[in-house]
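Reader: I have a structure to look at and some questions about its side chains. Can we go through them briskly?

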Amino acid sequence: MMINPQTDKNHLIDNVEGLLAPAAVVDWRRMEPWTVARAELSGLRGPVIVKWVRPHAAGAARSESWRLRTEVAALRFLADDLGLRLAPRVVAADLAACVVVLEDLGPRVALDELLRTGGAAAHGDRLVAFAQVRGELNAATAGRAEAYYERRSALGAVDRVADCAGRFAGFREEGLRQAADWGVALGDGAERELAAVLAELADPGPFLALSNGDPEANNVLVRASGVPDARLIDFEFAGFTHALHDAVCLYVPGPGWLSVDAGLGEVYRGALARGVAEAQDDRRFGFGLAAACFSFVLVRLQRLAALDGRAAGDDSRVQLVATVEAAARVAESFGVLPGLAGWAWRVGALLRRRWPDADVDLSVLPAYAARRR
């Protein structure tokens, strides 16, 4: 039975496995709009983070339960199996009741909050820490998939294939369809390259590593001053996948941004190379990175019809142009996938013609210019 945390906070954490004794809520601060609270519990020193499954219909509840189990498995894998301090530690969990108690990483704050309020120029060292910790996660977990999936399978069924390459397959197909409907279908050469891209992502070889599944600036916590001491959060969609999916956000604007700082990619690459020697090979790294970037572009293109219906001046249009063209530049910079790069430039040109409000000089945008709406 799902618990209403607003009316029965104590029952929410009753008998959570791992707490040394039955605990009572001393303080409770809900972190809206998520099913997350910062709490102080009797018997524990300092605050903790409590996460739970919201009371929805059965199908949705099972989905969120799956996510909670995935997060617990990933965090325990990192802390207990690998001895890493890259993410919060699981203090206690009652997966039957869909409640997890996590280490509180405060006073760290989300990097994207700092970027939005202070700008990237004021937080260069924190951006470096972001790129570094993503590379460290991938480097430390490469080659450890069996150990992770043994732990995750003990908590319920999991689809390893979907983790690696299948999670967004439908979105990619829809993105291609919408682009073709607008007159920018793939040519024969680009189609052959796309087949090679999908093969690379489905079988990453040495680049198979753990990702939290959402490698964006909102999911890394850093100290606002002094040493950044970065930690990654939100492992609800964690799984082993191509490591370079985690580098895309350093080269191609993600959902919250109109621009990024691609120079951070070398920080990530250096950290990754300490666990994945193939990252030092320009051709191998470049192909994998461009493959991941184009996969992301296809997922974002499934929004074409929706963005076409928005009012002129909506930042999402500029963002999509920036995303498509940034992926083309990545491919060109490494001398790979010329057919897909040419197709991406054609998509960008089409969008600029169709949306005059998005026909802007992207080179003048400061790094991490935020999407306003």
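Reader: Is Gln-178 buried or exposed?
Author: This is a predicted model. Gln-178 has a relative accessibility of 8%. The cut-off for buried is under 20%. So Gln-178 counts as buried.

Reader: Which side chain does the side chain of Gln-178 join in a polar contact?
Author: Start with the place: Gln-178 lies in helix H7, residues 169-181. Gln-178 touches residues including Leu-301 and Arg-303. The polar contact spans 2.9 Å, and the partner side chain is Glu-174.

Reader: How are the rings of Tyr-148 and Tyr-149 arranged?
Author: The structure holds 10 aromatic pairs. In one of them, the ring centres of Tyr-148 and Tyr-149 are 4.8 Å apart. Planes over 60 degrees apart count as edge-to-face. The planes here are at 70°, so the pair is edge-to-face.

Reader: How many residues apart are Trp-257 and Tyr-368?
Author: Trp-257 and Tyr-368 form an edge-to-face aromatic pair, 5.4 Å centre to centre. This pair links distant parts of the chain. Trp-257 is in the loop between helix H9 and helix H10, while Tyr-368 is in the segment after helix H14. They are apart in the chain by 111 residues.

Reader: Why does Trp-257 count as buried?
Author: Look at the relative accessibility. The cut-off for buried is under 20%. Trp-257 counts as buried because its value is 3%.

Reader: Which residue has its charged end over the ring of Trp-182?
Author: Arg-116 lies over the face of another ring, that of Trp-257. Over Trp-182, the charged end sits 4.0 Å from the ring centre. That residue is Arg-354.

Technical notes. Residues numbered from 1 in each chain as written. Predicted model: local features only at pLDDT ≥ 70, side-chain atom pairs only at ≥ 80, totals over all residues. Heavy atoms only, no water. Helix = DSSP H or I, 4+ residues; strand = E, 2+ residues; numbered from the N terminus. Buried < 20%, exposed > 50% of the residue type's maximum accessible area, 1.4 Å probe, protein only. Polar contact = N/O pair within 3.5 Å; in protein donor to acceptor, adjacent residues only side chain to side chain. Contact = heavy atoms within 4.5 Å. Phe/Tyr/Trp six-rings, centres within 6.5 Å; stacked < 30°, edge-to-face > 60°. Lys NZ or Arg CZ within 6 Å of the ring centre and 35° of its normal. Lists of a residue's contacts leave out its neighbours within four places in sequence.
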